[in-house]
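This briefing covers salt bridges and strand pairing in one model. Please look at the sequence and structure below before reading on.

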Amino acid sequence: QVQLVESGGGSEGGLVQTGDSLRLSCAASGLAFANYCLGWFRQAPGKERESVAAINWTGRNTYYADSVKGRFTISRDNAKNTVYLQMNSLKPEDTAVYYCAASGVFRDSSSYLMNHRMYDYWGQGTQVTISS
């Protein structure tokens, strides 16, 4: 059974204010982690799910939404079966539920990995709230 478990948001993140930093983690089990590309997505109330960042199997290639480029960094540790999202210079508009996802697609490109339809497995999400 594949499981993706996010952490770092919600009560774990504490009170997060504009300009603060936060790191989300996503621990995976039940899959050959190194064979999957990984992504972070978010969904704010009343809005569609949007891609945030993605990373290929080795971590060499990363992709970002324009809204987070230069502020967020995605990384992975294949030895720990974990993907991270380091979020700096947080803004109120970053408030959303953040999801990690794993994709078995064999294409390493932005058009694939920044598309939520390419992902096979999803975590339950973690709430990130940024106060102004």
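Asp 66 and Lys 69 form a salt bridge, with 3.2 Å between the closest N and O atoms; a salt bridge here is a side-chain nitrogen of Lys or Arg within 4 Å of a carboxyl oxygen of Asp or Glu. Asp 66 counts as exposed because its relative accessibility is 67% (exposed is over 50%, buried under 20%, partly exposed in between; 1.4 Å probe, protein chains only). The model is predicted: local features need pLDDT of at least 70, side-chain atom pairs count only at pLDDT 80 or more, and totals for chains, interfaces and linings use all residues. Residues are numbered from 1 along each chain as its sequence is written, and side-chain values use heavy atoms, leaving out hydrogens and water.

**Salt bridges**
- The structure holds four salt bridges.
- Asp 94 forms a salt bridge with Arg 71, the closest N and O atoms being 2.8 Å apart.
- Salt bridges with shared partners join Arg 42, Glu 50, Arg 71 and Asp 94 into one network.
- Asp 94 also meets Arg 42 in a salt bridge (2.9 Å, N to O).
- This pair links distant parts of the chain, 52 residues apart: Asp 94 lies in the loop between β8 and β9, Arg 42 in strand β4 (strands are DSSP runs of E, at least two residues, numbered from the N terminus).
- Asp 94 and Arg 42 are both buried, and Arg 71 is buried as well.

**Strand β8**
- Five of the six residues of β8 (residues 82-87) are buried, so the strand is largely enclosed by the rest of the structure.
- Six bridges join β8 to β3 (residues 22-29), running antiparallel (pairing requires at least two DSSP bridges).
- Tyr 84 in β8 stands opposite Ser 25.
- β7 and β8 form a hairpin with four residues between them, and Asn 81 in the turn has a positive phi of about 55 degrees.
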